Amino acid sequence: MNSSISILHPGFYTTVQDNGRKSYAHLGVPQSGAMDKHAFMIANAILNNTPGAAMLECTLLGPTIEFNHNVNFVITGSNAGATLDGAQVMEGVPVLAKAKQVLKMSNISGGSRSYLAFAGGIDSQTILGSKGWYLPLTPEGKLTVGMELSLGISKYGKSKGAHLKMQSQSGVIHSSVATINTYEGPEFSKLTYNQQQQLSDHVFTVSNLWNRMAIQLVETLPNALKSIYTSPVIPGTVQLTPSGKLIILMNDCQTTGGYPRVLQVVASDFNKLAQMQQGSQFLLNVT
């Protein structure tokens, strides 16, 4: 019998994610998957899971769960203020929870997302090669009270003495104004010189419109470009709307779009965007 956990409180927006679906864009299926890939990868490595094992991605407020069996778990990403039966849980440190113990995660700080991984991973239904959730493709989109999630077979503890060394590419931001590296998008050359300069010179702010699909920025860019024929887009594509709004597409974005694609965020900086929320500020470095 597989181990399992029960959801006592779902948190603000907690979803099951893995490495996503990367071969179905031609069918209009979003890539999805964990937003902060670095935090996701570290969690699975610590628990000796397969690299793409599914886990919980927690946004702004983490869940409260009860363990139905003895389970090793770890929390990575932003600070989740977690406790296990009242005892503090450190980020990045694996913990053995015993059956009937309760893990409570609080408001997430230092970023917007934490990752809660379990030894063996979450054994949710595999759809189009992924155990990650994305409505309407999957039956569930986020945690709700009373859910019970089945876990896979744990391999944790079979490599005693192993050490984990990884380069720091965390999305957790330690400065008030981050720098996001980008390269020119397909329609960048159609911008005027002044527009191109404004993209590099201005500090941009995340608006209240941010989620797993896209981040819309507060600042606008005066724009006279016409919409383009519907063309491919991917996570990290920066679109410029006719009204001058700048939209950065994220993991659950559509696969095509008709707005000019003026920039593309480099893959290594996508983790920073994944940890931003309303009010976060950053500079765009166009290379």
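Display the surface of the chain: the accessible area comes to about 13300 Å², and 54% of this belongs to carbon and sulfur atoms. Accessible areas here come from the Shrake-Rupley method with a 1.4 Å probe, and for residues only the protein chains shown count as cover. The model is a predicted one, in which local features need pLDDT of at least 70 and side-chain atom pairs count only at pLDDT 80 or more, while totals for chains, interfaces and linings use all residues. Residues are numbered from 1 along each chain as its sequence is written, and side-chain values use heavy atoms, with hydrogens and water left out.

**The whole chain**

Along its principal axes, the C-alpha trace spans about 60 × 40 × 35 Å.

Of the 287 residues, 51% are buried (under 20% relative accessible area; exposed is over 50% and partly exposed lies in between, with a 1.4 Å probe and protein chains only). Among contacts (heavy atoms within 4.5 Å) between residues at least 6 apart in sequence, 75% join residues at least 24 apart.

Select Thr64, which is found in strand S4. Is Thr64 buried or exposed? Its relative accessibility is 14%, so Thr64 counts as buried. Beyond its neighbours within four places in sequence, Thr64 is in contact with residues including Ser6, His9 and Val102.

Next, select Asn68, in the loop between S4 and strand S5 (71–79). Its side chain forms polar contacts with those of Ser4, at 2.9 Å, and Ser6, at 3.0 Å. A polar contact is a pair of N or O atoms within 3.5 Å; within protein, one must be able to donate a hydrogen and the other to accept it, and residues adjacent in sequence count only if both atoms are side-chain atoms.

**The aromatic rings**

The structure holds 3 aromatic pairs. Select Phe67 and Phe118: their ring centres are 6.2 Å apart and their planes lie at 70 degrees, so the pair is edge-to-face. Rings of Phe, Tyr and Trp (its six-membered ring) pair if their centres lie within 6.5 Å; planes under 30 degrees apart count as stacked, over 60 as edge-to-face and the rest as tilted. Phe67 belongs to strand S4 (residues 64–67) and Phe118 to strand S10 (residues 109–118), so the pair ties together parts that are 51 residues apart in sequence. Both residues are buried.

**Strand S14**

Finally, select Glu219 in strand S14 (residues 214–220). Glu219 counts as partly exposed because its relative accessibility is 23%. A polar atom of the Glu219 side chain lies 2.7 Å from the backbone nitrogen of Thr205.

How values were computed: Helix = DSSP H or I, 4+ residues; strand = E, 2+ residues; numbered from the N terminus.
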